[in-house]
Amino acid sequence: NKTTTMTGHKLNNSEALKFIFAGKSIVTLLNSKTENRFTFKVKSVKNSNLYFVSVLTGSETYSYIGTCAEGVFRHGRKSTISKEAQSVKVFEYVINKLKINNLPDFVEAWHEGKCGKCGRTLTVPSSITTGIGPECTKSLSKADKRDNFLKLILA
């Protein structure tokens, strides 16, 4: 029975959506029962509520799988990864479960110690918990667009 040792920091379910949609996040979704995991990069398009979603497919290679707009994931027509692929299904499942605050305990969201908004290394303990640095937290809380977006997806 092998145990995967995750490096990084586990996000609370309540923080996970904020982190994933902070603008420049890298999140690993782990199924602690099966040890399966996928790492996703979720990057916002400037001045919009559109996000490009990619999955880690090589040591440092991410492949586009689709977009998220208003909290709804759509598989991309230009993706080389099938919408039936497990990674695509996992991302969509986790987003949908987080939106209704119903993610099973065995599914975990992890960040690697970099701010979900700007990508800089996190050093402040409270920021490591949330995955978003103190300066970015200030700018995020001022961003009405983002708050409206979170209200939309959590409605």
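This is a predicted model: local features need pLDDT of at least 70, side-chain atom pairs count only at pLDDT 80 or more; totals for chains, interfaces and linings use all residues.

Trainee: Is serine 63 buried or exposed?
Mentor: Buried, because its relative accessibility is 16% and the cut-off for buried is under 20%.

Trainee: What is serine 63 in contact with, leaving aside its neighbours within four places in sequence?
Mentor: Val53, Ser54, Val55, Thr57 and Ile81.

Trainee: Let's zoom out. How many helices and strands does the protein chain have?
Mentor: There are 5 helices and 7 strands. Going along the sequence, the pattern reads β-α-β-β-β-β-β-α-β-α-α-α.

Trainee: How much of the protein chain is buried?
Mentor: Of its 155 residues, 42% count as buried. The chain exposes about 8900 Å², with 51% of that supplied by carbon and sulfur atoms.

Trainee: What share of the contacts comes from residues 24 or more positions apart?
Mentor: Taking contacts with a separation of 6 or more, such residues account for 45%.

Trainee: New topic: charges. How many salt bridges does a search of the whole structure find?
Mentor: The search finds 3. One of them joins the side chains of glutamate 108 and lysine 10, at 3.7 Å from N to O. That pair links distant parts of the chain, with glutamate 108 in strand 7 (residues 107-111) and lysine 10 in strand 1 (residues 9-11), 98 residues apart.

Trainee: Is glutamate 108 buried or exposed?
Mentor: Glutamate 108 counts as buried because its relative accessibility is 13%. Lysine 10, at 45%, counts as partly exposed.

Trainee: Which residue does lysine 138 meet in a salt bridge?
Mentor: Glutamate 135, with 3.2 Å from N to O. Both residues lie in helix 4 (residues 134-142), and they are 3 residues apart, about one turn of the helix. Lysine 138 is partly exposed at 45% relative accessibility, while glutamate 135 is exposed at 51%.

Trainee: And lysine 89, which residue does that one meet?
Mentor: Lysine 89 and glutamate 84 meet in a salt bridge through their side chains, 3.3 Å from N to O. Lysine 89 is partly exposed at 46% relative accessibility, and glutamate 84 is exposed with a relative accessible area of 52%.

Trainee: Back to strand 7, then. How many of its residues are buried?
Mentor: 5 of the 5 residues are buried, so strand 7 is largely enclosed by the rest of the structure. Both faces are covered: Val107, Ala109 and His111 are on one side, and Glu108 and Trp110 are on the other.

Trainee: In which sense do strand 1 and strand 7 pair?
Mentor: They pair in the antiparallel sense, over 3 bridges. Leucine 11 has alanine 109 of strand 7 as its bridge partner.

Trainee: How about strand 2 and strand 7, how many bridges there?
Mentor: 5 bridges, and the pairing is in the antiparallel sense, with strand 2 covering residues 24-31. Valine 27 stands opposite histidine 111 of strand 7.

Trainee: Now cysteines. How many disulfides does a search of the whole structure find?
Mentor: The search finds 0 disulfides. Cysteine 115 is in no disulfide, and the nearest cysteine sulfur, that of cysteine 136, is 3.7 Å away.

Trainee: Last one: where is asparagine 96?
Mentor: Asparagine 96 is in helix 2, residues 86-99, and is partly exposed with a relative accessible area of 33%. From C-alpha to C-alpha, asparagine 96 and phenylalanine 73 are 8.7 Å apart in space, and they are 23 residues apart in sequence.

Conventions
Residues are numbered from 1 along each chain as its sequence is written. Side-chain values use heavy atoms; hydrogens and water are left out. Buried means under 20% relative accessible area, exposed over 50%, partly exposed in between (1.4 Å probe, protein chains only). Contact means heavy atoms within 4.5 Å. Helices (H or I, at least four residues) and strands (E, at least two) are DSSP runs, numbered from the N terminus. Accessible areas come from the Shrake-Rupley method with a 1.4 Å probe; for residues, only the protein chains shown count as cover. A salt bridge is a side-chain nitrogen of Lys or Arg within 4 Å of a carboxyl oxygen of Asp or Glu. A disulfide is a pair of cysteine sulfur atoms within 2.5 Å. Two strands pair if DSSP finds at least two bridges between them.
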